Amino acid sequence: MSRNHASHHGHSHGEGHDHTHLDWSEMAPLLERQAEIASPAYAEAAAWLGTLAPVQGVRRILDVGSGPGVVTSLLAEAFPAAEAVAVDGAPELLALARARAEARNLGARVSTLHAELPGAIGTLGRADLVWAGNSLHHMGDQSAALAEFAGILNPGGLIVLVEGGLPRRHLPQNIGIGRPGLEARLDAAHADWFGEMRAELPGTKDEPDDWRALLAGAGLTPAGTRTFLVDVPAPVSPAVRELALAHYERLRDGLAARLDADDKETLDRLLDPADALSLHHRTDLFHLTAHTVHTARKG
């Protein structure tokens, strides 16, 4: 997909940043950590897909918007007869996907493909399974993109959309700083940004996020929807704490113009290592989210 509008597994949509100027080398560790923390949920989803598609019959998988390839390798493990292809517009992230596959002894079955989507969908080759994790909503005309994905699916093939679910939660309602309900207000600001991002995409088409209807409209037969939980309770590991800090830093930088002075001050305190109530020291910090997976079959 276009690096201007990429959204990689676990990555919360840029959080107000202009993707044109993202430094993928700098972003890569964050993206990788996000996907690793969500790996149990993604592995559970991959196992569920094995009940919808014949495991030995899936010979080629496309992971569209693969990022650092965490899910690519999980899909390769879940479908041992398949070649899994990490498709992304950022060479730096594809290099990580290759390294991860090699480290997991999957190098012979995991490959990478640099492609700017949706323009290059027709060049990806045929597939038995297409996984699009939080990537379709970064394509202006989602219906047209789905129709193209349907066109490269083999008969009986499965398309998998990870779209929606629940926003990440890291903190309780009352954190002892500022007004209670900070995360709900951040969600509202992010929703405003997200709507503007969608409106600015090339060829954007305003249509409801009725994924089952969109899949059916592409000539596919909906095959089931499930939601998978990522639940890391307090106290969290240093890696999860670092991820929360990075998440809030990006929210502060990306959404600052949409927040009132009190909430910006609260974010500054949460990010200040000298503050006893900051994310650096809190014992009530957790990581909770949910990913909804929609599937449909061709033919």
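**Helices and salt bridges in a predicted model**

Biologist: Happy to look at this with you! In which helix does Gln-142 lie?
Modeller: This is a predicted model, so everything here is computed from it. Gln-142 lies in the helix that covers residues 142-152, namely α5.

Biologist: Is Gln-142 buried or exposed?
Modeller: Beyond its neighbours within four places in sequence, Gln-142 is in contact with several residues, including His-137, Arg-198, Glu-207 and Trp-211. Its relative accessibility is 1%, and buried means under 20%. Gln-142 therefore counts as buried.

Biologist: Good. At what angle do α2 and α3 pack?
Modeller: Helix α2 spans residues 39-52 and helix α3 residues 70-78. Ser-39, Tyr-42, Ala-43, Ala-46 and Leu-49 of α2 meet Val-70, Val-71, Leu-74, Leu-75 and Ala-78 of α3. By class, that contact has nine nonpolar, one polar and no charged residues. The axes are 9 Å apart, and the angle is about 40°.

Biologist: Which residue meets Arg-100 in a salt bridge?
Modeller: Arg-100 sits in helix α4 (residues 91-103), and its partner is 64 residues apart, in helix α1. The N to O distance is 2.4 Å, and the partner is Glu-36.

Biologist: And which strands does the salt bridge between Arg-60 and Glu-83 tie together?
Modeller: The closest N and O atoms of this pair are 3.5 Å apart. Glu-83 counts as partly exposed, at 32% relative accessibility. The two residues are 23 apart in sequence, so the pair ties together strands β1 and β2.

Conventions
Residues are numbered from 1 along each chain as its sequence is written. This is a predicted model: local features need pLDDT of at least 70, side-chain atom pairs count only at pLDDT 80 or more; totals for chains, interfaces and linings use all residues. Side-chain values use heavy atoms; hydrogens and water are left out. Axes are lines fitted to C-alpha atoms, for helices over the stretch in contact, and angles run from 0 to 180 degrees between N-to-C directions. Helices (H or I, at least four residues) and strands (E, at least two) are DSSP runs, numbered from the N terminus. Contact means heavy atoms within 4.5 Å. Ala, Val, Leu, Ile, Met, Phe, Trp, Tyr, Cys and Pro count as nonpolar, Asp, Glu, Lys and Arg as charged, and the others, Gly among them, as polar. Buried means under 20% relative accessible area, exposed over 50%, partly exposed in between (1.4 Å probe, protein chains only). A salt bridge is a side-chain nitrogen of Lys or Arg within 4 Å of a carboxyl oxygen of Asp or Glu.
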